[in-house]
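Here are my notes on the model, as numbered points. Please read them with the coordinates open.

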Amino acid sequence: MKNVILSADGDSKVYSVPDEVADELDAYCMMFQKWLWKSPHAEGFRTDKGICYDETDFIDYLNKWIFPNQPSQLIENLGWLDDFDTGRPSNYKACPWYNF
């Protein structure tokens, strides 16, 4: 398991995720967004104006559909970061980041 930082135009949160997710974070996030539009299991996220979700929904998706035997979990809420590159703690500088 590796750490990543996820946000949805709000607080940045550190999650422990399977290595494959951390190594290919952009690809897994894009796969999730496609799933939101196409899967019958994602109908609850669709509205007449688009889709509504945040990073917790991505973690739920990973845990339920992609890596049920390697559950991802929240490690720490870093809060709002005015400048992502300079605002994150040094122990998380190398973590991949994705903002939904």
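1. Start with the packing of α3. Its buried residues pack against β1 (2–7), β2 (12–17), α1 (19–23) and α2 (25–38). The buried positions of α3 are E55, D57, F58, I59, Y61 and L62. Bear in mind throughout that this is a predicted model.

2. Next, the geometry of α3. The helix covers residues 55–66, twelve residues in total. At 1.5 Å a residue it should span 16 Å, and its end C-alpha atoms are 15 Å apart, which agrees.

3. Now the strands. β1 and β2 run antiparallel and are joined by five bridges. K2 has V17 of β2 as its bridge partner. The two strands form a hairpin, with four residues between them. In the turn, D9 has a positive phi of about 55 degrees.

4. β1 also pairs with β6 (residues 97–99). Here the strands run parallel, and three bridges join them. The bridge partner of I5 in β6 is W97.

5. F45 deserves a look. This residue lies in the loop between α2 and β3 (46–47). Is F45 buried or exposed? Its relative accessibility is 19%, so F45 counts as buried, the cut-off being under 20%.

6. What does F45 touch, leaving aside its neighbours within four places in sequence? The contacts are W35, L36, G50, I51, C52, Y53 and D57. Take D57, a buried residue of α3. F45 and D57 are twelve residues apart along the chain, and their C-alpha atoms are separated by 9.3 Å.

7. On cysteines: the structure holds zero disulfides. With a relative accessibility of 56%, C52 counts as exposed. C95, at 14%, counts as buried.

8. Aromatic pairs come to 13. Consider Y53 and F100. Their ring centres are 5.8 Å apart and their planes stand at 85 degrees, so this pair is edge-to-face. Y53 lies in the loop between β4 (50–51) and α3, and F100 in the segment after β6, so the pair ties together parts 47 residues apart in sequence. Y53 is partly exposed, with a relative accessible area of 21%. F100 is buried, at 14%.

9. F100 also pairs with F58. The centres of these two rings are 5.4 Å apart and the planes are at 50 degrees, so the pair is tilted. F58 sits in helix α3 and F100 in the segment after β6, so this pair ties together parts 42 residues apart in sequence. Both F58 and F100 are buried.

10. Which residues do the ring pairs link into a cluster? The members are F32, W35, F45, Y53, F58, Y61, W65, Y98 and F100.

Key
Residues are numbered from 1 along each chain as its sequence is written. This is a predicted model: local features need pLDDT of at least 70, side-chain atom pairs count only at pLDDT 80 or more; totals for chains, interfaces and linings use all residues. Side-chain values use heavy atoms; hydrogens and water are left out. The expected span of a helix is 1.5 Å times one less than its number of residues. Buried means under 20% relative accessible area, exposed over 50%, partly exposed in between (1.4 Å probe, protein chains only). Contact means heavy atoms within 4.5 Å. Two strands pair if DSSP finds at least two bridges between them. A disulfide is a pair of cysteine sulfur atoms within 2.5 Å. Rings of Phe, Tyr and Trp (its six-membered ring) pair if their centres lie within 6.5 Å; planes under 30 degrees apart count as stacked, over 60 as edge-to-face and the rest as tilted.
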